[in-house]
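Dear colleague,

Please find the structure below, handed over for your files.

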Amino acid sequence: MYIYDDYDQKIVDQRVAQYRDQTRRYLAGELTDEEFRPLRLQNGLYIQRHAPMLRVAIPYGHLRSAQVRKLAELARKYDKGYVHFTTRQNVQYNWPALENVPEMLAELATVQMHGIQTSGACIRNTTSDQFAGVAHDEIVDPRPWCEIIRQWSTFHPEFAHLPRKFKIAVNGAVEDRAAVLVHDVGINVKLNEAGEVGFEIFVGGGLGRTPMIGDLIKPWLEPKHLLTYLNAVLRVYNRYGRRDNKYKARIKILVKALTPEVFAAKVEQEWAFEKDGVQTLTEAEIARNHRFFTAPAYETLPVEDAAFTAAKAEHPAFARWVERNVFAHKVAGYAAVTFSLKKTGVPPGDATDAQLEDVANLADRFSFGEVRVSHGQNLILADVKQSELFALWEEAKRIGFATPNIGLLTDLICCPGGDFCALANAKSIPVAQAIQERFDDLDYLFDLGEIDMNMSGCINACGHHHVGNIGILGVDKNNAEYYQITLGGRQGADAKIGKVIGPSFAQDEMPDVMSKIIDVFVAHREGDERFIDVFDRIGAEPFKAKVYEGKPIRKEKADV
Amino acid sequence: MSKVIINREIVENRWTRVIADAEGGVSVPSEGAILVPYQYWLANREALAGREVAVCFAPDDEPESLPVDANTFSMIACDFPAFTDGRGFSIGRLLRVRYGFTGELRAVGDVFKDTLNYLARCGFTAFDVRADKDINEAIKGIDDFTEFYQSSVDVPNPLFLRRPVAA
Ligand code: HEM
Ligand code: SF4
């Protein structure tokens, strides 16, 4: 993991001092609401429905156990004893008092954490594959590159006030678990035939009001040019991105308006001036960042641990958990374990302070003291010995994180929605719960196989509903909360935006609607086909027919 | 006379800033050093010849379009109509790095303590702090941060070229 030196620490400490002073001036009336707003946002402080909300950065999803303990401590001291992990590998406090935030940030700084650029119109926290460095299908470890981007983007003076938020994701595996195609800039780290590392650069993806898949503008970028090239992309966006209409301000609109080819040409033109300039990465700097992401002290172990195999045979529930929540590791005898934060009855992504303490202890005991956050809002211990999986499973059960549902219907992604978010059109947590309750038969859930269900409380799409196989979007209809369904969305290398199937439904209809969709899937399924494959084969019509069966045909403007 | 920050000192502002009115009209005082909108200067270069004149770039003006060497001017300003409009950061940087401007680069408009550090790093050396803000407080903002990761105009080498690295 990346460890701060005096420079990094000084930057974070100076931020704490700056924000302390900004808060003081705001409370003293020296800064207006309007002035304070962008300043606090760039520190992760929103004003939500009930209280301020503080978003804390977890760069590319990595945490040390000491950091997890600090998150727990802050949840106890300054909040209501729990935190929320987000789809952007960040963590949120829902109830801090504005006056306490400088102190919280000061405490976070003691464990090398902060709220820098977790919100606001700046380059946000860079995200990546939660299995980076351990995934069996990894081509290149993306983390050193994420860290290089993190440093470059932190307080970048030229890009502190962009037209809109800006998100970068980096993937280095065969399967794309970082959703690079729905980011403002998505980067695939690749190897060429000569074994050299290079980047594939996509721009203009994003969800929200106008969901779009990113376009490839640079099929091969040499590593040393990473920062000068990104600088060029950002400069073109900063200068020419729309600022007159915040709904048209994201880079995707500019890329579409210019066409990806013209946008790419503008970037090349801009890049020509700074290419090979002073920001060109040196071998030494690349090597320095790689040194933080070396393998921990793995033992030499058999590919398959005998006791582990025996335990699976003996305990079907354990075997089931292994099947869903344990991910193949690139080192023999090790595994990556996902703790499900999607237990029925708990808001997806929430964890209590006690659970966090437990996770920190388990990380110390089983996984080199490291914890990760996935964009599916779960926690990961990435380096667990097979021989210890059984013991870990028992601990995970004890703390309520062993629901064996990763990738299944009840492992749904869900934004905080109307319970917390001031922008929401509808609640999402109770809908998630009702659906989880409907599908609480684990055997059935297992039989259904992989289904991504993603839900957002409004068109901003924080819950990534557009790229869920089944997407649920909260809409407002005559001041009542309704839910619109999209089908066919997916993330990954073949990312696609789902299509709205028709008029929306009331909250109490949702579990039935979901059952009908699943029934259609089951009726048409051949063998072990996945939901999305069935959908691709039969299209939306059979689903529509079933879901709207007996319903009066209402016309409704589809609001994607 | 109002005060401005120039090269980290609070001094008298000797430039009169001329702004277009709602109809786009510009009325230029007959005497003294004037700071005029860049577009106005482009359209009235001959009439302004001989005057001590500086130009002010609006966020959508392009330094690329400057028909003369930037160093023809002793002072160039960029307007920040709202501090959240970051286009002026790029303009400042381009004027310094690409067009080699060495004179006074001044930020005008919605300028106050919390943006001075960023502005300084984009090459601004002068700050016309908003009249309703305390300039003595604002000047401290220049040093909100004293260490930076990335290349900037004031400290061109990124941290990775400055950081002593253990081999
Ligand atoms: C205070 C609560 C929140 C507010 C006010 C908020 C606001 C927004 C807004 C306005 C957008 C649309 C941006 C655009 O399209 O330009 C957005 C998108 C998004 N937000 Fe949030 N959000 C909040 C909480 C969250 C949470 C809890 C998550 C994760 C669980 C999240 C993750 C995202 C993601 C992934 C997107 C879509 C990104 C994209 O379009 O590329 N946000 N949010
Ligand atoms: S999708 Fe809407 S309701 Fe959900 S967190 Fe984002 S802004 Fe709030």
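What is the area buried between chain B and chain A, and what percentage of it do carbon and sulfur atoms give? The area is about 4,000 Å², and carbon and sulfur atoms give 54% of it; buried area is the accessible area (1.4 Å probe) that two parts lose on being put together, summed over both.

This is a predicted model, in which local features need pLDDT of at least 70 and side-chain atom pairs count only at pLDDT 80 or more, while totals for chains, interfaces and linings use all residues. Residues are numbered from 1 along each chain as its sequence is written, chains are lettered from A and ligands numbered from 1 in the order in which they are written, and side-chain values use heavy atoms, with hydrogens and water left out.

At the interface, 44 residues of chain B are in contact with 49 residues of chain A (heavy atoms within 4.5 Å). The rule finds 13 salt bridges across it (a side-chain nitrogen of Lys or Arg within 4 Å of a carboxyl oxygen of Asp or Glu). One salt bridge joins the side chains of Arg98(B) and Glu270(A), at 2.6 Å from N to O.

Ligand 2 is surrounded by residues of chain A, including Cys415(A), Cys421(A), Cys458(A) and Cys462(A) (each with a heavy atom within 4 Å of the ligand). The shell around ligand 2 has eight nonpolar, four polar and no charged residues (Ala, Val, Leu, Ile, Met, Phe, Trp, Tyr, Cys and Pro count as nonpolar, Asp, Glu, Lys and Arg as charged, and the others, Gly among them, as polar).

With kind regards
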